[in-house]
Amino acid sequence: MSFSSNSVIAKARAVFGRSLTAEDYARLSSKESVADVCAELKRLPRYEKALASANPQTIYRGQLEGLLRRAVFDIFESFRKFDFTESKGFFKYIVMRLEIEQILLAIQSVAGGASDAYIAALPMFLTDFAQIDLMALGRSRNLVEASEMLRGSVYSKAIGELLVSAVETGKLDIGECERRLYTQYYMRMLKAVDSEYKGSEQKELRRLILRSIDMENVVTLYRYSRIFKTDSEELPEKLIHFKYRLSEEVIERLAGYGDAGKIAAELSKLGYRLDSEPPKDVELLTERISLDFLKKTLRLSRSSSVVYFALTECLEIELKNIITIIEGIRYGLEGAAILDMLVT
């Protein structure tokens, strides 16, 4: 292992060491306002610098969430500047994933006539790295114009046709847009792993990525089979077409389960185990399974690329937890109820 790889691993584990603890989450969940959450976050090592100039008494939810997103992104970018190993290449996939999130939000806003709300919430720091003009995309007057804004980008190949057909049918299939965009994202990432890595490092990276896809597909299966009542024959087409341990037989069984407990038992047979009592929410179940594995990988792997990838996923989960807390407080939920919704 090179000196540079050792340095990346050491830095990644140091960053992970500043993760919010159970006690931190409990204190944040007990707060009564966004101002109180901001004041508490300013005292935590992870966010004190990013929130140094924030005034808890005047900040509103959107501003706080924007500053937190920027803080996490700055950590990702710090590795891009610091890392001289192959793991540096993963930064572009972080940008791509964030860009996909914004594209989906933008086209929904355009379709629903809410462009102003999208522009107001757009994370401006991302515009310096994105390959498309997100501001212009959000200002599109219709989906045909949005499709034109994507022309020439990799995203146009995935959803350009869908946007144009949505104008003709009057219905935007945002689920299919999401599936195609993330299929493209994972395909590009897996191809990069296969071409740029070898041996155990390649195997570890593929496992991390494919496990992530499996967990996303489990949630998709549950939503379409139990909530949208989709016919079983149509379910496979709703999934991302890369799988690790989800065989056709397993997919069929999972589609028939109506609660998280049965799904947790099935996943445990595949090696997707949770070290605690499974929650009732399927999405929360898969996220907690993923977090357990990411933490273990971050502690034990000797690959800088693998450790960095695991760290980025853990930071995204932490950010989502904080946003969940903020939303829970805004809706007047009790602290205990908010804690039950977190990925820990």
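The structure is a predicted model, in which local features need pLDDT of at least 70 and side-chain atom pairs count only at pLDDT 80 or more, while totals for chains, interfaces and linings use all residues. Residues are numbered from 1 along each chain as its sequence is written, and side-chain values use heavy atoms, with hydrogens and water left out.

**Salt bridges**

Side chains of opposite charge can pair when their charged atoms come close. A salt bridge is defined here as a side-chain nitrogen of Lys or Arg within 4 Å of a carboxyl oxygen of Asp or Glu. The structure holds 21 salt bridges. Three of them are listed below, with their helices; helices (H or I, at least four residues) are DSSP runs, numbered from the N terminus.

| Pair | N to O distance | Helix |
|---|---|---|
| Arg-27 and Asp-24 | 2.4 Å | helix 2 (residues 22-29) |
| Glu-77 and Lys-81 | 3.9 Å | helix 4 (residues 61-82) |
| Arg-330 and Glu-327 | 3.1 Å | helix 15 (residues 304-330) |

Arg-27 and Asp-24 are three residues apart, about one turn of the helix. Arg-330 and Glu-327 are separated by three residues along helix 15, about one turn. Arg-330 has a relative accessibility of 44% and counts as partly exposed; Glu-327, at 22%, is also partly exposed. Salt bridges with shared partners join Asp-24, Arg-27, Lys-31, Glu-40 and Arg-43 into one network.

The accessibility classes are buried (under 20% relative accessible area), exposed (over 50%) and partly exposed (in between), found with a 1.4 Å probe on protein chains only. Asp-24 is buried at 10%, whereas Arg-27 is partly exposed at 36%.

On a 1 Å grid over the protein atoms alone, a pocket is an open set of points where a 1.4 Å probe fits, with protein on both sides within 12 Å along at least five of seven lines; lining residues have an atom within 4 Å of a point. The second largest pocket holds about 370 Å³ of space, a volume being the space filled by probe spheres set on the points. Its lining has 15 residues, of which Arg-46, Lys-49, Ala-71, Asp-74 and Ile-75 lie nearest its centre. Helix 1 (3-17) and helix 4 each supply at least two lining residues, and helix 4 gives the most, with six.
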